[in-house]
Amino acid sequence: MSDLIDSRGNLSSADSEWLHLLVGDWQVISDLAFADMVLWLPTQDDDFVAVAQCRPSTAATVHHEDIVGKAAPRGFVSTLREALTARQLVRVGEARWTGAYAIREEAIPVVRAGRTIAVIARETHLGASRTPSRLEINYVESADELCAMIARGEFPAPNAATGPRRGAPRVGDGLIRLNSEGEVLYASPNALSAFNRLGVSDEIVGRSLAEVITPLIEDSAPVDESMPLVLMGRAAWRTDLESRGVSLSLRALPVTEHGTRMGAVLLVRDVSELRRRERELMTKDATIREIHHRVKNNLQTVAALLRLQARRSTSREVREALDGAMRRVATIATVHEALSQTIDEIVDFDDVFGRALRLAADVAAVDSPPVTFVREGTFGRVPASDATSLAVILTELVTNAVEHGLSKTGGTVTVRSQREGRTLAVQVIDDGVGVDPASMDGLGTQIVTTLVDTVLDGSIEWASRSGGGTEVKLETRLGEVADQA
């Protein structure tokens, strides 16, 4: 839509934003009108191009194929041009036949700041026409009111908010029409059923909806500050109403005429099951985070015990073995700490590796020449199933580089990472004395090769650098991350 507006139209950024607000909210009108909605934009060559369309979920569609980007039919251009210049609704007197069914057409000018910037075609499929019910009459009357507001520049409401929570009401979920005093003029069967489940047993038509709801609100329950405005139809907002274990989502669409509030259309949806599932998910998320937190605490306790035992040992070999075990346990604890702070099983591995690198730096600082650590590139977000193994592997590689390559000379350890989608390539490079890869059969190397082969299903290789030192290359394909950038 933005591309078509920029390339074919001549609108300001504010006009374009107005059209985006309209398209974001016109599904309600399409469902109320039982009609397709097509947004026609006047082009620079005095024609019209379709920049958006909407199909009703309450009736048969007129356009089975997308028409966005196409020019207006020749026979309808004069109607669009009349609505554009006269700034008023134009109804085509005779139905248009497509061959299989008839279509009733209407052109609605889209007005902003006193100017017509586009035209909406409201096209109703007449192939399944029948005697309208009371519900259908109220639907269409509500659609007529909202369309008239579009033609006066009073819809959409710039300050309308549907809120971040799921469960936005739709037309078919339940509809209530209010007058200017907030009294119920009409309530659809689905809306009545929703309020009956909430505890409303009396007739609500002719009564103030706010007065009907007030006795049902529990004293201890939190109340949304916007609820009275929504129940009275005074603001284009959304609110949730909870009572007796039932949750209703309500959205108000104020109906105005030249700035004077005439009433409102209120959409109602029973979202009790949605809210129950959300609470279950929140409980599960909190439980999982608490588990990670406790695992982290337990691992840190184990690491502290290993550190104490190492300090009491008189054997250098035993002390080094305990220090290595302590470092590995602390690395795993770092991953669980990161998982305890997120709602999903995904961690920012750049942060995790930064902490693990500090553990390696502590090892390098003990009785060794100065060692500098350099990081290049990024790891990105890594699923929990891979994060622990990857952290242990990289910590081992960095520690081996310090202990075997730089323990006598000091130098630099460079960790270079490159992430493309799920593929991760890492290089750990040191400029020390170098090691013979064939002679590397220690515990650290065995841990690395085992994790790479069995957990990450990747590949790793050691090689001596021509300028001195060792280079380790690790390649793996990580698990799926849904929102990976």
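Strand 15 and strand 16 form a hairpin, with two residues between them. Look at the turn in this predicted model. Gly 421 sits there, and its phi is positive, at about 65°. Strand 15 covers residues 411-420. Strand 16 covers residues 423-430.

Leu 424 gives an example, as its bridge partner in strand 18 is Thr 476.

Five strands make it up, in the order 13-15-16-18-17. The sheet is open, and its pairing is mixed. Which strands form the edges? They are strand 13 (371-377) and strand 17 (459-464), and each pairs on one side only. Neighbouring strands of this sheet are turned by 10° against each other on average, direction ignored. A helix joins the picture too. Helix 13, residues 443-456, packs on the sheet. This helix touches strand 17 and strand 18. The direction of helix 13 makes about 145° with that of strand 17.

Next, move to two residues elsewhere in the chain. Ser 142 lies in helix 5, which spans residues 134-152. Is Ser 142 buried or exposed? Its relative accessible area is 0%, so Ser 142 is buried. Which residues does it touch, leaving aside neighbours within four places in sequence? Ser 142 is in contact with Leu 32, Arg 177 and Val 265.

Thr 239 is the second residue. Find it in strand 9, residues 238-243. Thr 239 has a relative accessible area of 2%. Buried means under 20%, so Thr 239 counts as buried. Its contacts can be listed in the same way, not counting residues up to four places away in sequence. Thr 239 touches Asp 224, Ser 226, Met 227 and Val 230, and also Leu 248, Ser 249 and Leu 250.

Notes
Residues are numbered from 1 along each chain as its sequence is written. This is a predicted model: local features need pLDDT of at least 70, side-chain atom pairs count only at pLDDT 80 or more; totals for chains, interfaces and linings use all residues. Side-chain values use heavy atoms; hydrogens and water are left out. Two strands pair if DSSP finds at least two bridges between them. Helices (H or I, at least four residues) and strands (E, at least two) are DSSP runs, numbered from the N terminus. Axes are lines fitted to C-alpha atoms, for helices over the stretch in contact, and angles run from 0 to 180 degrees between N-to-C directions. Contact means heavy atoms within 4.5 Å. Buried means under 20% relative accessible area, exposed over 50%, partly exposed in between (1.4 Å probe, protein chains only).
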